[in-house]
Amino acid sequence: MTDAETLIADMGRRARAASAVLAQTPTATKAAALEAAAKALRAAEGTILAANAHDVARGEANGLTGAMIDRLKLDPKRLEGVAAGLEAVAGLPDPVGQVIDETHRPNGLLLQRVRVPLGVIGIIYESRPNVTADAGALSMMSGNACILRGGSEAIDTSRAIHACLVAGLREAGLPEDAIQLVPTTDRAAVGAMLRASGLIDIIVPRGGKSLVARVQEEARVPVLAHLDGLCHSYVDRAADPAKAHLLDTYKLRIDEERTPEWFDDDMKGAVAARMAEIVKAMIVTKSGITLLGGAWIVPPDMQVSVGPMTRIVANN
């Protein structure tokens, strides 16, 4: 066995043992672990942001694009969102043991379909460090152990966040091996995870097309993959523009993974005017964005190229 295969085999065996414990863990205990992890995350804000600064500096030195740096970067507000996300997962209904279907047979036999944990989930993702917390929390709350392999760009941040998850497990009396982070950035570890039949029950890739394609091609264990995503926003003509604040989220975080398509019911009115304001703001704050739209959304003074990297294409 290679070094990577030995590493993943050891992690897989420890995760398998932890999964047996998690499968029988009460909801309240799992929730307590996540709440403790959220508390640890907030307490370690300085440590996590310092680690993130190292990742960002390394990424900039290595020539990462602005969009990738934005996905990588954390600040106090984003970190609070990660902690709040852990608490939100802790409050979700526990899927383990839920009866999702049942049938009474004529002979009196009762057949039920009951949700049970999968066992060990391998999750492979790219540069978003918040996925370390999200993936670990969702796996554990659903009674599954997980092995996380994050992108090398965010390795320092992921390690700092993972330490908080482990602290939460420890405080709740759960096995620390329930949420493991692959310690190496060697890509051979990804291949070893994909071939870890009998140790990892399912692989979940979270990232771009090339990552998903590699996982689907090389995996020797089941894969839960995704295709291209779309972001649609529909605003009814009766909507209050002041309440349609979700549009502002696109202004703040648009990149190649977020391509919103906006629909206004009657293509006019206060909502369309608000969209036009957001268009202007994006042009000022973002680069590399192509906006397609008719005159109702693209202001007349922006029907031509604006800036060296931004262009507006009218589609009346």
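Guide: One term before we start: two strands pair if DSSP finds at least two bridges between them. Also, this is a predicted model.
Visitor: Okay. In which sense do β1 and β2 pair, and over how many bridges?
Guide: Antiparallel, over 5 bridges. Strand β1 covers residues 99-104, and β2 covers residues 110-114.
Visitor: Which residue in β2 stands opposite His104?
Guide: Leu110.
Visitor: New topic: the open sheet. What is the strand order?
Guide: The order is β5-β4-β3-β6, 4 strands with parallel pairing. The edge strands are β5 (179-181) and β6 (202-206), and each pairs on one side only. Neighbouring strands are turned by 20 degrees against each other on average, direction ignored.
Visitor: How many bridges join β3 to β4?
Guide: There are 5. Strand β3 is residues 120-125, and β4 is residues 145-149. In that pairing, Ile123 of β3 has Leu148 in β4 as its bridge partner.
Visitor: Which strands does α1 touch?
Guide: Helix α1 packs on the sheet and touches β3, β4 and β5. Its direction makes about 145 degrees with that of β4.
Visitor: Now the core. Which residues have the most contacts inside the largest nonpolar one?
Guide: Ile8, Leu41 and Ile48, in a core of 63 residues. Helix α1 (residues 3-22) gives the most to this core, with 7 residues.
Visitor: What does Ile48 touch?
Guide: Leaving out residues up to four places away in sequence, Ile48 touches Leu41, Leu74, Leu79, Thr157, Ala160, Ile161 and Cys164.

Terms used: Residues are numbered from 1 along each chain as its sequence is written. This is a predicted model: local features need pLDDT of at least 70, side-chain atom pairs count only at pLDDT 80 or more; totals for chains, interfaces and linings use all residues. Side-chain values use heavy atoms; hydrogens and water are left out. A nonpolar core is a set of buried Ala, Val, Leu, Ile, Met, Phe, Trp, Tyr and Cys residues joined through side-chain atoms within 4.5 Å. Buried means under 20% relative accessible area, exposed over 50%, partly exposed in between (1.4 Å probe, protein chains only). Helices (H or I, at least four residues) and strands (E, at least two) are DSSP runs, numbered from the N terminus. Contact means heavy atoms within 4.5 Å. Axes are lines fitted to C-alpha atoms, for helices over the stretch in contact, and angles run from 0 to 180 degrees between N-to-C directions.
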